[in-house]
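Please read it with the coordinates open.

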Number of protein chains: 2
Amino acid sequence: MPYTDAPAPEVIDLGAVLGALADPLRRSVVLDLLGRDDTEHACSSFDLPLAKSTRTYHWRVLRQAGLVHQRDAGNGSYVRLRRDDLAARFPGLLDTIRRAAHQV
Amino acid sequence: MPYTDAPAPEVIDLGAVLGALADPLRRSVVLDLLGRDDTEHACSSFDLPLAKSTRTYHWRVLRQAGLVHQRDAGNGSYVRLRRDDLAARFPGLLDTIRRAAHQV
DNA sequence: TCCAAGGTTCGATGGAATTCGTACCTAGCC
DNA sequence: GGCTAGGTACGAATTCCATCGAACCTTGGA
């Protein structure tokens with residue numbers, strides 16, 4: 001069944017976004033997505049050293065924070081960074097994070 | 001006694017900063033400081049609806065994350081936003097947060 | 001049809017985060 | 001000196017976070 005818990009673009013909460021990005025693992029996923037093209041990517045294409053259920057948990061956090069859109073394909077599932085929505089709501093945030101993460 | 005747990009400018013951790021800013025109360029304090037002049041401000045000048053010990057706790061989080069510098073004056077204590085350090089380490093971060101927080 | 005790969009859900013668990021009360025400290029003021 | 005305002009330290013309680021295992025589901029392929 002599809003995911004219905006992603007916030008609409010205009011109600012994405014800054015606290016939730018920052019909380020999601022505060023975690024090193026989730027932040028690395030977002031940075032990874034920023035380095036890929038702006039399309040869907042298979043969840044299985046991320047090499048996360050965690051139990052399956054823990055991966056599910058982190059994808060949910062990112063989804064509920066409004067950072068990613070997720071699509072269930074029964075078999076696998078796919079994620080896409082919500083670049084436009086985030087750029088519209090919090091201009092420059094993702095760019096700033098990307099630049100900050102590439103620091104020393 | 002003085003506070004010795006503030007990180008040096010070059011080792012401020014992005015995760016710690018984002019974690020500190022994820023909390024609505026702490027974020028509001030930082031935004032408040034951004035709206036004031038770039039000097040020391042008395043901790044007692046912030047109207048935080050919390051027990052004294054909880055306020056101390058949140059100042060410590062902000063201090064240890066590297067967001068503020070805190071000075072003990074025996075009697076009161078004073079904080080100052082580390083604008084320059086943060087701008088040097090994570091360019092544009094505070095500006096972006098400020099802009100984002102002023103959104104709808 | 002059976003099986004494997006990829007995910008979810010549900011409980012459980014250990015640890016961190018947040019809050020508070022109490023006791024204590026320091027400087028300034030009467 | 002004694003009092004007060006502003007803070008800290010510490011312990012306790014509570015809640016939230018991150019992790020996992022086990023059971024289950026769905027699709028695609030042998």
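**Notes on the model**

1. The surface near DNA strand C draws most on α3(B), which gives five residues. Near means that the C-beta atom of a residue, placed from the backbone, lies within 6 Å of the molecule or strand. Helices (H or I, at least four residues) and strands (E, at least two) are DSSP runs, numbered from the N terminus. This is a predicted model: local features need pLDDT of at least 70, side-chain atom pairs count only at pLDDT 80 or more, and totals for chains, interfaces and linings use all residues. Residues are numbered from 1 along each chain as its sequence is written, while chains are lettered from A and ligands numbered from 1 in the order in which they are written.

2. Strand D. DNA strand D is surrounded by 20 residues, the closest being A:Ser53, A:Gly74, B:Cys43, B:Ser53 and B:Thr56. At least two residues each come from α3 (52-65) of chain A and from α3 (52-65) and β3 (76-81) of chain B. The surface near DNA strand D divides into eight nonpolar, ten polar and two charged residues.

3. The protein interface. Contacts link 20 residues of chain B with 20 residues of chain A; contact means C-beta atoms, placed from the backbone, within 7 Å. On the chain B side, α1 (14-22), α2 (24-35) and α5 (93-101) each supply at least two residues. The largest share, six residues, comes from α1(B). That side of chain B has eleven nonpolar, five polar and four charged residues.

4. Symmetry. How are the two chains related? Chain B superposes on chain A by a rotation of 180 degrees with 0.0 Å of shift along the axis, at RMSD 0.0 Å. The two copies are therefore related as by a two-fold rotation axis. The same surface serves both copies, and 100% of the contact residues of chain B recur in chain A. The superposition is by least squares on the C-alpha atoms of residues with pLDDT of at least 70 in both copies.

5. The sheet of chain A. Three strands make an open, antiparallel sheet in the order β1-β3-β2. Its edge strands are β1 (41-42) and β2 (68-73), each pairing on one side only. Pairing requires at least two DSSP bridges between two strands. Six bridges join β2(A) to β3(A). Within that pair, A:Ala73 stands opposite A:Gly76.

6. The sheet of chain B. The order is again β1-β3-β2, open and antiparallel. β1 (41-42) and β2 of chain B stand at the edges with a single partner strand each, so one side of each has no neighbour in the sheet. β2 (residues 68-73) and β3(B) run antiparallel, joined by six bridges. Opposite B:Val68 is B:Leu81, and B:Asp72 has B:Ser77 as its bridge partner. Two residues lie between the strands of this hairpin, where B:Gly74 takes a positive phi near 70 degrees.

7. A:Asp47 sits in the loop between β1 and α3 of chain A. Is A:Asp47 buried or exposed? A:Asp47 is exposed, because 6 other C-beta atoms lie within 10 Å. Its C-alpha atom is 9.3 Å from that of A:Val29, 18 residues apart along the chain. B:Arg60, in helix α3 of chain B, is partly exposed, with 14 other C-beta atoms within 10 Å. The cut-offs, with C-beta atoms placed from the backbone, are 20 or more for buried, 12 or fewer for exposed, and partly exposed in between. B:Arg60 and B:Tyr3 are 57 residues apart in sequence, yet 9.2 Å apart C-alpha to C-alpha.

8. Annotation. An unreviewed UniProt entry annotates residues 6-101 of chain A as "domain: HTH arsR-type". Over this range chain A is 53% helix and 15% strand, with the end C-alpha atoms 25 Å apart. UniProt positions follow the numbering used here, feature names are shortened, and annotations may be inferred rather than shown by experiment.

Notes
Two residues are in contact if their C-beta atoms, placed from the backbone, lie within 7 Å. Ala, Val, Leu, Ile, Met, Phe, Trp, Tyr, Cys and Pro count as nonpolar, Asp, Glu, Lys and Arg as charged, and the others, Gly among them, as polar.
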